[in-house]
Amino acid sequence: SYRAVSRRLACGDVEGRLEVIFGRVRAIQAKSGRFDMLLCVGNFFSSTSEAEWAEYRTGAKKAPIPTYVLGANDQDTLSYFPDVSGCELAENITYLGRRGVYSGCSGLQIAYLSGTEAQQPPAPAHSFSAKDVAELKTSLLSAPNFRGVDILLTSPWPRDVGTFANSAGEIDTKKCGSKLVSDLAASLKPRYHFAALEKAYYERLPYRNHMVLQETPQHVTRFIALADVGNTSKKKYLYAFSIVPMSSMDPAELVKQPQDVTENPYRKLRKEAPKSKAPLSAEEEPACQFFFDLNKHQGKKRPSDGKERGDSQPKQAKKPPQPTGPCWFCLASPEVEKHLVVSIGTHCYLALAKGGLSPDHVLILPIGHYQSVVDLSSEVLEEVTKYKAALKEFFRSKGKRYVLFERNYRSQHLQLQVIPVPLDLCTSEDIKEAFITQAQEQQIELLEIPEHSDIAQVAQPGMPYFYVELDTGEKLFHRIRGRFPLQFGRCVLASEALLAQPQRADWRQCAAQRPEEAAQARAFRREFEPFDFSLRD
């Protein structure tokens, strides 16, 4: 079938250098053939543009390509834009307007927002407000089956666009740009987003627009910031690309994920947004479909032998398998360092970690021999949950939150590592961000799975995996398919992003003498006593 491929150019701040930009466009078209349009973000004019602009305004010169520009970003250049809602400024040069959507005859949808973010109300004519962004979002999101726009044009960068991504060089993406633009990009899901104003070129790795395992796959977004036209540092200011309108694309082709795709930098905004209960379109399957079929592509079906969690038969208590050799963690084993044990329940016990990241780094362990959380019987799992709740209450009383992780890989007895982190040091989002970022650096795909869900829903017995859980119930999961760094969880927590104790990443460097360990265990036992349900049950 015929598909309309559009060839577009985008450029950064022109700042009145019309001869430079149009000269460059002519050279490119002479060499590579005709482009359909030039999209300009950032400052198209400067306060000294008048002489050069007059030749185009009067028709003495003509732009060599249909050119679409955003409005003023400061008071000085407002006078160049006579009609706030958009107008032709000269032959082949069009001001798009303050905000809106431009739809070409090919079906390509271009959303645009002029100006910079207003610092306080009322917004001056060269700025946009939260109301402008909300109205632009509503006009698009209210359309039935809205999937996103093809292109988004803004002058400011979106705040935090560099999160989970390649470096933006000298630009600090946590401080630069607009939060409202981030919110707009998170909602409109553009396939390309262009911005300028920072006099820098930055092509971010593409990011995904869906929560893996929880939502239907969607297309990715490519964010590209362009430098100022004719800059002496030779930073890229003109970007050529071909695009087929989303409306003309095969859905499977549209949602293909490139190998270098990253997590969405605006995850926090997406989570804070009210969850709309839009009906599923006919071609979409419910999210649970993707959630439970993690192994689908391997051609293995879940055994339907009555062992699944949702089975109507009550789960029978089963004896744990016996270890094949000496086990350091079975409580009955002579190998257990019993001086580290701080609480003993009916099915589980609590012990200080040997060479812990901190003096109150503890392990939740089953008394019997189980390899992973997935293998636990229901009564053991129930007691694990009780220990988690007691530790949450205990650590919160000390102004801390815990981070728990399990590595079911090259280990034979389940160890749930529980490490407290001061509440005032970082938020739960900071912790997740640190894990996801450091996982990406090592080509590890760490995915967020729904709260209140069970690891047994995404991992089968015997499957190697790593998972992190916060005391809020939020979880990140990685299915291990090859090699995996044994100290990964500990290294992330010890890193500068969290506890800032990289020297403690290796437990062997932290091991204390037995008398010191025993004293630490006694101190923990004494403090934990008011929270220890095993002393009351």
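This is a predicted model: local features need pLDDT of at least 70, side-chain atom pairs count only at pLDDT 80 or more; totals for chains, interfaces and linings use all residues.
Me: Hi! Where do helices α1 and α2 sit in the chain, and at what angle do they cross?
Reply: Hello! Helix α1 covers residues 18-32 and helix α2 covers residues 50-57. Their axes come within 10 Å and cross at roughly 55 degrees, so α1 and α2 are oblique to each other.

Me: Which residues meet there?
Reply: From α1 you have L18, E19 and F22, and they meet E52, W53 and Y56 of α2. By class, that contact has 4 nonpolar and 2 charged residues, with no polar ones.

Me: New topic: how many strands form the open sheet, and in what order?
Reply: There are 8 strands, in the order β16-β17-β18-β20-β19-β22-β23-β21, and the pairing is antiparallel.

Me: Which strands stand at the edges?
Reply: Those are β16 (341-344) and β21 (447-449). Each has a single partner strand, so one side of each is left without a neighbour in the sheet. The twist from one strand to the next averages 25 degrees.

Me: How many bridges join β17 to β18?
Reply: 5 bridges, between residues 348-352 of β17 and residues 362-366 of β18, and the two strands run antiparallel.

Me: What about helices α8 and α9, where do they lie?
Reply: Helix α8 (residues 378-397) lies across β16, β17, β18, β19, β20 and β22, and runs at about 145 degrees to β19. Helix α9 (residues 428-441) also packs on the sheet, where it touches β19, β21, β22 and β23. The direction of α9 makes about 165 degrees with that of β22.

Me: Let's jump to β7. Is it mostly covered or mostly uncovered?
Reply: Strand β7 (residues 109-113) is mostly covered, with 4 of its 5 residues buried.

Me: Which strands pair with β7?
Reply: Among them are β6 and β10. Strand β6 (residues 99-103) pairs with β7 in the antiparallel sense over 5 bridges, and V101 stands opposite A111 of β7. Strand β10 (residues 151-154) is joined to β7 by 4 bridges, and these two run parallel. There, Y112 has L153 of β10 as its bridge partner.

Me: What's between β6 and β7?
Reply: The two strands form a hairpin with 5 residues between them. In the turn, G107 has a positive phi of about 100 degrees.

Me: And where do side chains point in a regular strand?
Reply: In general, they alternate between the two faces of the sheet.

Note on methods:
Residues are numbered from 1 along each chain as its sequence is written. Side-chain values use heavy atoms; hydrogens and water are left out. Axes are lines fitted to C-alpha atoms, for helices over the stretch in contact, and angles run from 0 to 180 degrees between N-to-C directions. Angles under 35 degrees count as roughly parallel, over 145 as roughly antiparallel, 65 to 115 as roughly perpendicular and the rest as oblique. Contact means heavy atoms within 4.5 Å. Ala, Val, Leu, Ile, Met, Phe, Trp, Tyr, Cys and Pro count as nonpolar, Asp, Glu, Lys and Arg as charged, and the others, Gly among them, as polar. Two strands pair if DSSP finds at least two bridges between them. Buried means under 20% relative accessible area, exposed over 50%, partly exposed in between (1.4 Å probe, protein chains only).
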